[in-house]
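Morning, everyone. Please look at the screen while I talk you through one structure.

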Amino acid sequence: MRTFIALIAVITITACKKDEAKAPEPVKAVEAPKAVEVKPAVADAKPAAGARVVELKVTEDGFVPGNVTLKNNEPVKFIVTRTTDATCATELLISGTDIKAELPLNKPVEIAWTPTKAGQVKFGCAMDMMVSGMLLVE
Ligand SMILES: [Cu+2]
């Protein structure tokens, strides 16, 4: 448990530092700060051609829709768009997988996944999936 809390702390700290990780530079004339480049999160290596597309949004209500029904062994491509800064759900993790995708504000992110067993799989934010939803694999 302690390790887990430490891990959460690290994740949180990392998330907070992202914007301020700049080496001190000699002051130049007018130069706009560079936008932090966000890597498109392709958590699963296989580009799932013909995958079923499921759109998810992160709103003030959390992940919408909160429940998604999937078919076992059917590749799925989530297209996740975070539309609010009001929740802590700035990343999406899928329980039992190593999928962990950053969700930049208002930018659709593709996450490919193929469930390999029937049952319920939780997904949610990086803080122990406090903000979460459920994938119902049948
Ligand atoms: Cu959270």
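Buried means under 20% relative accessible area, exposed means over 50%, and partly exposed is in between, with a 1.4 Å probe and protein chains only.

Before we go on, a word on the source. This is a predicted model, where local features need pLDDT of at least 70 and side-chain atom pairs count only at pLDDT 80 or more, while totals for chains, interfaces and linings use all residues. Residues are numbered from 1 along each chain as its sequence is written, and side-chain values use heavy atoms, with hydrogens and water left out.

Back to Val68. It lies in strand β3. Strands are DSSP runs (E, at least two residues), as helices are (H or I, at least four), and both are numbered from the N terminus. What does Val68 touch, leaving aside its neighbours within four places in sequence? Val68 is in contact with Val54, Leu56, Met134, Leu135 and Leu136. Contact means heavy atoms within 4.5 Å. Take Met134: it is 66 residues from Val68 along the chain, yet their C-alpha atoms are separated by 6.4 Å.

Now the core. A nonpolar core is a set of buried Ala, Val, Leu, Ile, Met, Phe, Trp, Tyr and Cys residues joined through side-chain atoms within 4.5 Å. The largest one here has 24 residues. Which of them touch the most other members? They are Leu70, Phe78, Leu92, Ile94, Trp113 and Leu135. Two or more residues come from each of β1, β3 (67-70), β4, β5, β7, β8 and β9.

Next, the sheet. Strands of a sheet pair through backbone hydrogen bonds, either parallel or antiparallel. Here, two strands pair if DSSP finds at least two bridges between them. Four strands form an open sheet, in the order β2-β1-β4-β7, with mixed pairing. β2 (62-64) and β7 (109-113) are the edge strands, and each pairs on one side only. From one strand to the next, the twist averages 30 degrees. For angles like that, axes are lines fitted to C-alpha atoms, for helices over the stretch in contact, and values run from 0 to 180 degrees between N-to-C directions. β1 (residues 52-59) and β2 run antiparallel, joined by three bridges. Look for Thr59, which stands opposite Gly62 in β2.

Move to β5. In a regular strand the side chains alternate between the two faces of the sheet. In β5, Glu91 and Leu93 point one way and Leu92 and Ile94 the other, and all are buried. β5 pairs with β8 in the antiparallel sense, over two bridges. Leu93 has Gly124 in β8 as its bridge partner. β5 also pairs with β6 (residues 100-102), antiparallel, over three bridges. There, the bridge partner of Leu92 is Ala101. The hairpin of β5 and β6 has five residues between the strands, and in it Gly96 takes a positive phi near 80 degrees. As for β8, six bridges join it to β9, and these two run antiparallel. Gly119 stands opposite Val137 in β9.

Now the metal. Which residues coordinate the copper ion? Cys88 and Cys125 do, each through SG, at 2.1 Å. Cys88 lies in the loop between β4 (76-82) and β5 (91-94), and Cys125 in the loop between β8 (119-124) and β9 (132-137), so the pair ties together parts that are 37 residues apart in sequence. Donors are N, O and S atoms within 2.8 Å of the metal (3.2 Å for Na, K and Ca); water is not among the atoms, so sites may look incomplete. Cys88 is partly exposed, at 27% relative accessible area. Cys125 is buried, at 1%.

Two last residues. Arg82 is found in strand β4 and is buried, with a relative accessible area of 6%. Its side chain reaches the backbone oxygen of Thr84 at 3.0 Å. Then there is Thr116, in the loop between β7 and β8. Thr116 counts as exposed, at 64% relative accessibility. Leaving aside neighbours within four places in sequence, Thr116 is in contact with Asn72 and Asn73. The C-alpha atoms of Thr116 and Asn73 are separated by 5.2 Å, though the two are 43 residues apart along the chain.

How values were computed:
Polar contact = N/O pair within 3.5 Å; in protein donor to acceptor, adjacent residues only side chain to side chain.
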